[in-house]
Amino acid sequence: MPEPDRQERDPRPEGSTDPEPLPAEDQRRVTRAAFRKPINLLVAACGLGVFAFSWELWVLLLTLATYAVLVALASRDPLFQRRVLEGASRPPLPRAGRAQPSENMPPERRARWLPRGKTREKVEAALDVYRKTVAAIESSDDVAQRVLEGAVPRLHETAEGLVDVAHRREEAARASQELRSGLPRDGSTSSRAQETEQNIRETDAEIEAADGEISGMVERLVALRARVVRISIDSGSAARTAADELNKDLDNLNYRLDALKSTMSSTEDRPRG
């Protein structure tokens, strides 16, 4: 069972979705980088500039408080942490692909690297159903386990593929924002601007496709879990036929996730404006 192993490696309370704490030295590096983050320095400079003209004490206090909050938020942002620590001894987040799931990082932990928001909430809800489905199979009797043994690795692949798609969805969203920031402010219709707008449309279409797959995953897994329960209490050829159909449906689901990952992989190679 992957769940007990995960709990042994993760001493945090059960149900916690916070990222794993950084080592002290890494955290110091991230905090120093947060102090020097351009947007944080810009906010501080603007506030100090206003204070220099007004000499209002509340402006200075508000500027310092805002700067401190921005530094604290940046130092806790998993994406910012990854950028700062890139190339250090801390292992990077595994990339999407079938060769990666065996890197001793379960999908539940990889999901914690997603930015907080609707995508992460939907992924974590789907992974909760995935864990319960695998547990239902492994707690069934020997006959049911033999009938359903092919479903377990397929469910693992589904969980890995879901997290891969979610990470690529977030990468595509960042790419879309960068492309929009590169559009000319004067509404120019140059060939470069048209190319950028086309890239934005394609990237947004990929984001929409990923959102649709992620949004429907909980419902699909709940339906699969119900079928697992029915198969586990059936017997004979009917149960085996139902298990074969279940495996086919899981194969189709994993195929869709693979196709979506393959489509979204091209996002990383697009110009960023």
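Buried here means under 20% relative accessible area, exposed means over 50%, and partly exposed is in between (1.4 Å probe, protein chains only). By that rule, both Asp 164 and Arg 110 are buried. This is a predicted model, in which local features need pLDDT of at least 70 and side-chain atom pairs count only at pLDDT 80 or more, while totals for chains, interfaces and linings use all residues. Residues are numbered from 1 along each chain as its sequence is written, and side-chain values use heavy atoms, leaving out hydrogens and water.

Let's look at the salt bridges, each a side-chain nitrogen of Lys or Arg within 4 Å of a carboxyl oxygen of Asp or Glu. The count comes to 15, and here are three of them:

| Pair | N to O distance |
|---|---|
| Asp 164 and Arg 110 | 2.4 Å |
| Arg 220 and Glu 213 | 3.1 Å |
| Glu 108 and Arg 131 | 3.6 Å |

Glu 108 is buried, at 9% relative accessible area, whereas Arg 131 is partly exposed, at 26%. In the remaining pair of the table, Glu 213 is buried at 10% and Arg 220 is partly exposed at 29%.
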